[in-house]
Structures are given as structure tokens and as C-alpha cells.
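Trainee: I would like to go through this model with you. Shall we take it piece by piece?

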Amino acid sequence: MANKIVALLIIWSYGLMTLPPLNGLLALEATARLKSVSLAARELGISQPAISQRLRALERHFGRKLIERTPTGFRMDAEVEAFAARLRTAVQDLGDASTAFRAHSQQAANRLTIALLATFAQRWLIPRLADFQQRHPELDVRLMTTSTPSDLERGDVDVSIRCGTGAWMGFTSELLLANRIFPVASPRYLAALPLRAPQDLARATCIRVDAAPRDADWPRWLGAAAVPDLVPKSWQDYANSTHAMEAATAGLGIAMAHAPFAADSLAAGRLVKPFATECDDTDGDYYVVHRSADVPRRVRQFRDWLLGQRDDASSRVNEF
């Protein structure tokens, strides 16, 4: 029945047929179901004369009597009763469709979709996300992790955390975290192999990511440390930064860390930063990015929370 209603509305919108007055249809359905003009008026929130006026308009449309007034009330013939019964089904279908649409709209308004790199999700956002959920339990948070920055023009993405310069035309971006790179190792590894200067890395096992753009991290840092030609004792290669950081935490060697991802491990003592030298990352800094116009409340809430986390995280990084 709902499909039939949609089809009728489409036909009507193209002017191929004229629907009866919808107010009149509702008045007829309520009157037939309740067997009372006064009860129908009360249900629809209008006066009894208004019900009568709508029924007369419907009769003019069909060119026939729908209700016969009697001394005790009114009477409908079998054909009108059958028509009213079909109207009742249609009204119920419209009510169900409206309820479902309202529920879906409310669900969409409470769904927050965040696009970000998998490493950022694992090493920085997820460990902090419980705090946001406690502050905003009404929001359904969905993380869309990708190997490349997701396009905000996708309709299902509300906010993105991206690396870059902060300049994305048509979008608003705010600096979240400065991205600096430097070597890290576990306390156990450094106890067995003390490192006092970058030259000492020639005796160490260095952990690297063998995929672009992270494969440029070690050469970039070695150049900043004035030992561009240094060759370590051995290399261990991993597919991504998360695996490389886990290997360093396990004491397998020295990995190149990104400041946002190392702050928690440095603060907890799981990793140690043996040298003071740092350098910029080729990808740029991390920004929170969202559409510039019509910013939903859920996006503003997440953005404000993120920037609060930024201030805390920056202070922790600066301790090391």
C-alpha cells in the first residue's frame, strides 16, 4: 500500500491526475472509523463545522454524496465504507513510514563518522575515545580508518583528521597536533645497548617501515642528526608504523616515532627517547577538518573535545 501511495504522489506531482483534498480524506477516514463527527473533530484537533466543510469539499471532488445525514447521525453506503477502509490502511502506512523516517533521521543526527588514518586511530584517538563517549553518550561514534586521507565530500563522513598544511579549499581546519619524528626504544633495549650520540646507531638494530611515505623517516632524521650516511648494524622492516612501534616496545630495536603516537608510551615509560634531535614530518601536521557550512552540533562537540585533548597531549610531548 505504501508503494501505491508513493506512486500516486509521483503521478500527482507531474500533473497527470488530481488527488482529492487530503484534509477531506482524513476527515472521511476518521469519521467512518469513529462513527462520529464530533469524535473525528476532536481527534483531528478541529471543529465539527470544519469536519463538515472538508467532507463537503470531498463530495464536490467526487461529484456524489459520501454521507447521508439522519436524525440520529449519519449513514454511509457499502461503497463509501469500503473506500474509507482503504483510506484507513493508507493512513496507517503513512503513519508507519513517518515514524520510521523520524527514527532514521534521529539516528542519523546522533551518528558521528570520523575518517582518519589507521595508525592515528590505534595510537592516539582510540585510547582517548572513552572520555568523549562518557561526555556524549547519545552519539554513536563510527571510525572510518583508511590508508589515505578520506574525502570529506563523501556524504557519510562528518569530520576528518588529516596530515598536511591545513589548507583544504572549502573546508575548515584547525591544528590538532604538530608532527615531529625522532627515534625511540624500550628501556630494556637501551640498558643493554646505551646510546649517547646518533653515531652509536651503527651498533644498533633499527626498525623501519618499508612503505611510502614512512620509508623516508629514517633518512630524514639521520640527515637532521648530521649522520646521513650512517648504516646500522641491521634493519628490521615492518609494513606500518603501528607494527614498528610495537616491535620497539618489545625491545627488538630502535624505531622512528611520530610525536603524537609516542606521547603515551613515553609518559608511561614503555619507550624512551635517547636523543634530543627531532625533525618535521614530510606529511605535515595533524588537523581536524570539517565542512565550513552548516556544521552539525555533533561535529562541534567532537571538534571542541579534540582540541581539549590537543592541549593535554602537547604538554605531554613537550616533557620529553
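Mentor: Start with strands 8 and 9, residues 205-209 and 234-238, which run parallel and are joined by 5 bridges. This is a predicted model: local features need pLDDT of at least 70, side-chain atom pairs count only at pLDDT 80 or more, and totals for chains, interfaces and linings use all residues. Residues are numbered from 1 along each chain as its sequence is written, and side-chain values use heavy atoms, with hydrogens and water left out.

Trainee: What is the handedness of the β-α-β unit made by strand 8, helix 8 and strand 9?

Mentor: Point the strands away from the viewer; a path from the first strand over the helix to the second that runs clockwise is right-handed. Helix 8 covers residues 217-224. With strand 8 and strand 9, helix 8 makes a unit that is right-handed.

Trainee: Which residue does a cis peptide bond join to Ala212?

Mentor: Look in the loop between strand 8 and helix 8. Omega of the bond is about 0 degrees. The partner of Ala212 is Pro213.

Trainee: Is Ala226 buried or exposed?

Mentor: Ala226 sits in the loop between helix 8 and strand 9. Its phi is near 65 degrees, a positive value in a residue other than glycine. Buried means under 20% relative accessible area, exposed over 50%, partly exposed in between (1.4 Å probe, protein chains only). At 62% relative accessibility, Ala226 is exposed.

Trainee: What is the relative accessible area of Lys35?

Mentor: Lys35 lies in the loop between helix 2 (22-34) and helix 3 (37-44). Its phi is positive too, near 60 degrees. Lys35 counts as exposed, and its relative accessible area is 52%.

Trainee: How many disulfides does the count come to?

Mentor: A disulfide is a pair of cysteine sulfur atoms within 2.5 Å. Cys206 is buried, at 1% relative accessible area. Cys279 is buried as well, at 8%. The disulfide count comes to 0.

Trainee: Which strands stand at the edges of the open sheet?

Mentor: The sheet has 5 strands in the order 4-3-5-12-6, with mixed pairing. Each edge strand has a single partner, so one side of each is left without a neighbour in the sheet. The edges are strand 4 (140-146) and strand 6 (171-177).

Trainee: What is the bridge partner of Thr172 in strand 12?

Mentor: Strand 6 and strand 12 (residues 285-291) run antiparallel. They are joined by 6 bridges. In strand 12, the partner of Thr172 is His290.

Trainee: How many residues of helix 10 are buried?

Mentor: Helix 10 spans residues 259-268 and is mostly covered. Its buried residues include Phe261, Asp264 and Leu266. Just after the helix, Gly269 takes a positive phi of about 80 degrees. The buried count in helix 10 is 8 of 10.

Trainee: At what angle do helix 6 and helix 9 pack?

Mentor: Helix 6 (residues 118-135) and helix 9 (residues 241-249) have their axes 9 Å apart. Axes are lines fitted to C-alpha atoms, for helices over the stretch in contact (heavy atoms within 4.5 Å). Angles run from 0 to 180 degrees between N-to-C directions. The packing angle is about 40 degrees.

Terms used
Pairing = 2+ DSSP bridges. Helix = DSSP H or I, 4+ residues; strand = E, 2+ residues; numbered from the N terminus.
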